[in-house]
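This briefing walks through one protein model, topic by topic. Please look over the sequence and the structure before reading on.

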Amino acid sequence: MKKKLALALLSALSINYSAYAGNNEPSEVYQYLQQLAVPEKGIGAREAGTKEEQRTADFIAKELEKFGLAVTYQPFVFGKNSLKSTNIIADSNPKASKTIILGAHYDSTGAEKGSLGAIDNGAGVAAMLAIAKKMGSTSNQDINFRYIAFGAEETGLEGSRYYVKQLKASPDELANIKAMINFDTIAGGDIVYVHSAHTKPYRCASKEFPYNSDTSIRNALLSASTKVLGEKDQYTVHPAYPGYPEGVTGSWSDHAPFACAGIPIAYVEATNFTINGEEGYDGYSQTTNPTTWSCFDSKNLSACDRKDEKHWGKIWHTKFDNLETLNQMFPGRIEQQLDQTVAVFDELFSNINKYMK
Ligand SMILES: [Zn+2]
């Protein structure tokens, strides 16, 4: 009996593995990623201010409309050359008095760096779409889930800064926003972390609103991940390193303007804080995979030669941020990380009152 059970378990495991190795139909969230970041299947590089970025905005808006959400285009102009971009905003229940925002930037760096923006940030947008689809329009009567695809993040958080600026102009709406979760590079790296805003305030554009480094939404997300993924695979917080207490992050992505507007934030990021990278243990090196290093010293988790190292285990903004390359380096990883994120958010959003007391 026991042996039979073990065999059944083994075969179940192997079915799972083959799904992630690409032998079966990919999951919906993974198909979204293909449409966003694989040129033959959809778009590819989506540099801010280009027609590819605009095409991506239209694709995202059309999908969100299909789920029965109220979709708004929020166009804005940015930079010295007055380039155009757009935030796509979708509400599940606009009449509710409490709003929780899930945001992900959809632009990528320019193709000249060789990046197609698969993990940064096609993965974040794909997961946001799959979660929005799962939750639909009537998931919770008391809470509005607002999904925002930000434009022009890579050029200086243009979309999120513009969004928050508009938000500040309507105090009632701002007061309704209970939390913001940022998806930026949620797959590809070795370990999935959740951060809260740094305890030392960011350099905010104005001091009009009290800076918020509350950890409530980060901790809610950690609990939901433990429930869904178990103690072994749950999301984690990074250990303390110089200048950064345990579990906090800097102002380099779309969560920053929200923390500056007094909103509790959480930021999901797949990287590897155990690596001694170019500037130490700062999470910029995302993986121990030797393909992403000139030479990786697996004993000391660092470069073999710190002077000669060229790549430092970085995927973002490099030629490694290409879905085909990523699947060769990490068979099954990207799809698995995306599926897990969708499952964690299904748990969190379906039981939001329990997790956010
Ligand atoms: Zn990014």
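Strand 1 (70-78) and strand 2 (residues 83-91) run antiparallel and are joined by nine bridges. The model is a predicted one, in which local features need pLDDT of at least 70 and side-chain atom pairs count only at pLDDT 80 or more, while totals for chains, interfaces and linings use all residues. Residues are numbered from 1 along each chain as its sequence is written, and side-chain values use heavy atoms, with hydrogens and water left out.

**The sheet**

- Eight strands form an open sheet with mixed pairing, in the order 1-2-4-3-5-8-6-7; here strands (E, at least two residues) and helices (H or I, at least four residues) are DSSP runs numbered from the N terminus, and two strands pair if DSSP finds at least two bridges between them.
- Strand 1 and strand 7 stand at the edges with a single partner strand each, so one side of each has no neighbour in the sheet.
- Within the pairing of strand 1 and strand 2, Ala 70 has Asp 91 of strand 2 as its bridge partner.

**The zinc site**

- The protein donors of the zinc ion are His 105 (NE2), Asp 120 (OD), Asp 184 (OD) and Asp 184 (OD), and they lie 1.9 to 2.7 Å from it; donors are N, O and S atoms within 2.8 Å of the metal (3.2 Å for Na, K and Ca), and because water is not among the atoms, sites may look incomplete.
- Along the chain, these donors follow the spacing H-x14-D-x63-D.
- Asp 120 lies in helix 4 (residues 118-135), whereas Asp 184 lies in the loop between strand 5 (177-183) and strand 6 (191-197), so the pair ties together parts that are 64 residues apart in sequence.
- The arrangement is irregular because the four donor atoms subtend angles of 52 to 147° around the zinc ion; four donors count as tetrahedral if all angles lie between 85 and 135 degrees, four count as square planar and six as octahedral if opposite donors are over 155 degrees apart and all others between 65 and 115, and anything else is irregular.
- Ideal angles at a metal are 109.5 degrees for four tetrahedral donors.
- Asp 120 is buried at 5% relative accessibility, and Asp 184 is also buried, with a relative accessible area of 5%; buried means under 20% relative accessible area, exposed over 50%, and partly exposed in between (1.4 Å probe, protein chains only).

**Backbone details**

- Most residues other than glycine have a negative phi, and most peptide bonds are trans.
- A cis peptide bond, with omega of about 10°, joins Asp 120 and Asn 121, and Asn 121 is placed in helix 4.
- Ser 82 has a positive phi, near 50°, although this residue is not glycine; Ser 82 lies in the loop between strand 1 and strand 2, and is partly exposed at 48% relative accessibility.
- Ala 152 also has a positive phi near 50° in a residue other than glycine; Ala 152 is found in the loop between strand 4 (143-150) and helix 5, and is buried, with a relative accessible area of 0%.

**The pockets**

- The largest pocket holds about 520 Å³ of space; a pocket is an open set of points on a 1 Å grid over the protein atoms alone, where a 1.4 Å probe fits, with protein on both sides within 12 Å along at least five of seven lines, and lining residues have an atom within 4 Å of a point.
- Of the 26 residues that line the largest pocket, Arg 203, Cys 204, Ala 205, Pro 257 and Cys 260 lie nearest its centre.
- Helix 5 gives the most to the lining of the largest pocket, with six residues.
- The second largest pocket contains about 340 Å³ of space, and of its 22 lining residues, Trp 252, Glu 269, Tyr 284, Trp 316 and His 317 are the closest to its centre.
- Strand 7 (248-249) and strand 8 (265-271) each supply at least two residues of the lining of the second largest pocket.

- Leu 221 lies in helix 7 (residues 216-233) and is buried, with a relative accessible area of 0%; Leu 221 and Leu 83 are 138 residues apart in sequence and 36 Å apart in space, C-alpha to C-alpha.

How values were computed
Grid points are joined across faces, edges and corners, and a volume is the space filled by probe spheres set on the points.
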